[in-house]
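Open your viewer and follow along, one selection at a time. We'll begin with a term and then go looking.

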Amino acid sequence: MKAEKRKLRKEISEKLKDKTLRGALGRFAEVYPEARAAAYANAGDVETLREAVKQMKIATVGQIEAVADRFEAAATKRGVQVFRAEDGESAKAYLLKLCKETGVERIVKSKSMASEEIHLNPYLEAAGITVTETDLGEWIVALAHERPSHMVIPAIHMNRHQVAEHFSKELKKEIPPDIAVMVQVARKELREKFLQADMGISGANFLIAENGAVGLVTNEGNARMVTTLPRIQVAIVGYEKLIPTIKDAATILKVLPRNATCQLMTSYTTMVSGPTPAMVKRDGKWVEEQKEMHVILLDNGRLRAAKDERFREIFQCVRCASCLNVCPVYTLIGGHVYGHIYAGGIGAILTAFLHGMEEFAQFHELCIGCRRCTTICPGKIDIPGLIEELRVRKVKDKGLPFLLKQTFENVIANRKLFHSLLRLAARGQKPFQEGKLIRHLPLFFAGLAKDRSLPAIAEEPLRDRVAKVKRKIANPDKRVAFFGGCTMDFVFPETGESVFKVLQDLNIEVLYPEGQSCCGKPVLAMGDEETMKRIARENIKALEEANPDAIVSACPTCTESLQHYRELLKDDPEWGPKAAAMAKKVREFCSLVAEEYEKHGRLKKKAGGLRVTYHDSCHMKRVLGIDKEPRQLLEAAGCELVEMKDADKCCGMSGIFGVKYAELSMPILSQKIANIEETGAEIAACACSGCMVQIQGGLDKKLPGVKMKHVADILAEKIGEKKIA
Amino acid sequence: MHTFTETWQRSFPTATSGSHLFAEFEERARAAAAEVFRCATLTEAREALLRLVEGAGVTKAVVVESPLQLAAGVTEALRARGVEVYTAPAEIAEHAPTADIGISGVEFGVAETGSVFQEGYAIATRLVTILPPLHVVFLPSANIVPDVPQAFEIIAKNFDRGYLGFITGPSRTGDIERVLTIGVHGPGRFAIIACDEAPQGGTR
Ligand code: SF4
């Protein structure tokens, strides 16, 4: 399939201007997390439930063909006709033939994402068959000739006035923008369609191999109509919905309604195995007849994914859409920008498999890797991780754009050149405003401040200050190598100095190996694994040279990258073992310091300090799993800790995204600043240099009274006071 | 062929289930906007239904009989009130779209979610359940299982084929501005009449 070249930026800016959409999504994002948590209140341990879904799905996808065979056999035995459709074309052809043979003229449909994926409706309509979507949201979207913008709430982007307009146009009479009235109008209109239809088409939330049952989880009751009234029943379902046993349905039902609609159970949860009777009018008399039932199992790229060691994970998706509800980018722009019917991060991945890499390439950058979705996905899918993997494959396959490749290979992977460019930038910054090449460098944003102040590159990087701050320690408890990372080294060298102070105060000797360079994250983020490997080898060499006891970074992204070298180089006979050995030594600053403070009895809450609120960096909390230690350290430094709302929601930086997609990054930042303001804190603390760039920029413009500080800075100040006192 | 109704009671988890779970069940069912009437006797259950019928101004009913309804004499009572009652499948097919009420029996309730479980292979059951604006079900109040997995213990042993599932409150939607609105395609009112007294010949 050839991808249509889209004007993504224009689409994004239109969505950002759409007040109805922004309002609806904003309100939803606001209430969703709590409503979901409330729904889980009586469900037992959420993690156990999610793990159960994941394990059940993993076991299933591992033998997907066999499970499909079992489903087919069980369904066939009970009188269902099962058709395995390789792609959309074959599914549609099968259905059209069926309609012709059985004289079907009118079809009612309940929600089936698989049918939307293959563009079924226009195909059948072109053949003269009337197709009516009966899910209210789907019906609205169909009347508006639009696509659903959310997998569970298709018309979330419209308000009542817009819906009333579409209703009025369709029904050729004035329908008031009153929700209760409109729902009744829909009931009446669609009721007729149900009663007259020859065929009902549904999707399925699960297919049970054990007895060939189709499982439907719905609220409106339309799926019950669709599967009850017409004489022919069809379900179009992707292979990922297969589950082995009847009891496995319970595993899904524990999480699906809770995550999707924050309900304990939807109004109608139905399982149909084998054809059932219907009432048909013959010669003016109602007679009972056995229905004809068909299940179309849709492949369309899924079985290829099932064979892929990494991407079989997409079978863990139950299509609850909660990953959208918590996505900082989706909740700004909605689903249309993602191109196809599957929106958000999971949509990007599914699109790559169902519609091809070219489609994926157009909008994968909208995943900023904040990993919030990974904490709630019922199937525990590593959505950002899979997107990163797709990027790597895309680059392996298609290569990088020439300039980007040049930048990565010749500049970032060449520390001396890279650093001298940064130093040049600190002085002049002129070439950096024009040079195309520079746009792809980490820190290229320096000096490009428009709507937020971005920090300048420091005149004296950390590496030049080492001689000043390094203390010789006679009998050190430990010797650590400090990995600064580009941002700390060149933008926040003072924070780097604080790291020195805090560690040295703990009787730790700190080395700053000269040969260290960028951790490589910006390169990997673009999918350039090869260059990343080169960078990894350089850094391992530099950091391990003095054989330190630990390698410390005060930036979670760098910490993660250094640990990732192990995975990255695992097939390299020479460097693999070295990377693995180093990974064990890599420590994040706060967690190491908290451990040491604890040892020395210093991790105690003290009073009398400033009011501080703490921002959880995405990678700190969700990749490294560190969220308590920085808070404990702040309290140990005497700070009065006040929690902000959504402390662990992304600040909108996410590396290059923050500047490339400034129009998306800014509203995310504004929310963060508002949450900080609400706490009345004097200081916003965090433990990530990337977040510091972003939040400091926002504070500077909008909340100049509040200062951004790294936890290390606050600790170092405390030590300073102590020394003076 | 379809034997769920005949066999499921043998798998009912008596050790973990029962009317001690009714309060939880009732709370959750109400939270899902179901109306719940717990009645000590069959007579009370019949009275509860008649009050509902009166309140809703019912003139036409479609009914699928369950043991509880038969024992409570629901259908005759309705007829005696002058309500048109249809019970045969062909009549139900004809009248369900215009009936004011559908009445049926359900097998058990689930405390965790406030759902009732109904086996609905018979077309009449499904028509009665989904088409009229008010749906009333009769439930033996001792038949409450604690949670969804327990419900599936029963289902897994007895579901060979057919049409079955859970009903939790009335039909609803949030598709316009996420405003919860009741009564889209299915019934806008859903009432559970739960009876402590068992029909002659055993509970359930
Ligand atoms: S990826 Fe996870 S959160 Fe997203 S729709 Fe699928 S199951 Fe739900």
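Buried means under 20% relative accessible area, exposed means over 50%, and partly exposed is in between (1.4 Å probe, protein chains only). This is a predicted model, where local features need pLDDT of at least 70 and side-chain atom pairs count only at pLDDT 80 or more, while totals for chains, interfaces and linings use all residues. Residues are numbered from 1 along each chain as its sequence is written, chains are lettered from A and ligands numbered from 1 in the order in which they are written, and side-chain values use heavy atoms, with hydrogens and water left out.

**Stop 1: A:Ser273.** Select A:Ser273, in strand S9 (residues 268-273) of chain A; strands (E, at least two residues) and helices (H or I, at least four) are DSSP runs, numbered from the N terminus. Is A:Ser273 buried or exposed? Its relative accessibility is 0%, so A:Ser273 counts as buried. Show its contacts (heavy atoms within 4.5 Å): leaving out residues up to four places away in sequence, A:Ser273 touches residues including A:Arg78, A:Asn211, B:Phe159 and B:Asp160. The A:Ser273 side chain reaches the backbone oxygen of B:Asp160 at 3.2 Å.

**Stop 2: A:Arg78.** Now pick A:Arg78, which forms a salt bridge with B:Asp160, the closest N and O atoms being 2.4 Å apart. A salt bridge here is a side-chain nitrogen of Lys or Arg within 4 Å of a carboxyl oxygen of Asp or Glu. How many salt bridges are there between chain A and chain B? The count is 6.

**Stop 3: the A/B interface.** Colour the contact residues: 71 from chain A and 53 from chain B. About 5200 Å² is buried between the chains, with carbon and sulfur atoms giving 59%; buried area is the accessible area (1.4 Å probe) that two parts lose on being put together, summed over both.

Stop 4: Jump to H18 (residues 383-398) of chain A. Its 16 residues should span 22 Å at 1.5 Å a residue, and the end C-alpha atoms are 22 Å apart, which agrees; the expected span is 1.5 Å times one less than the number of residues. Among its buried residues are A:Ile383, A:Leu386 and A:Leu390. The buried residues pack against helices including H16 (344-354) and H26 (529-544) of chain A. At the start of H18(A), a side-chain oxygen of A:Asp382 comes within 2.9 Å of the backbone nitrogen of A:Gly385. Finish just after H18(A), where A:Gly399 takes a positive phi of about 80°.

Note on methods. Polar contact = N/O pair within 3.5 Å; in protein donor to acceptor, adjacent residues only side chain to side chain.
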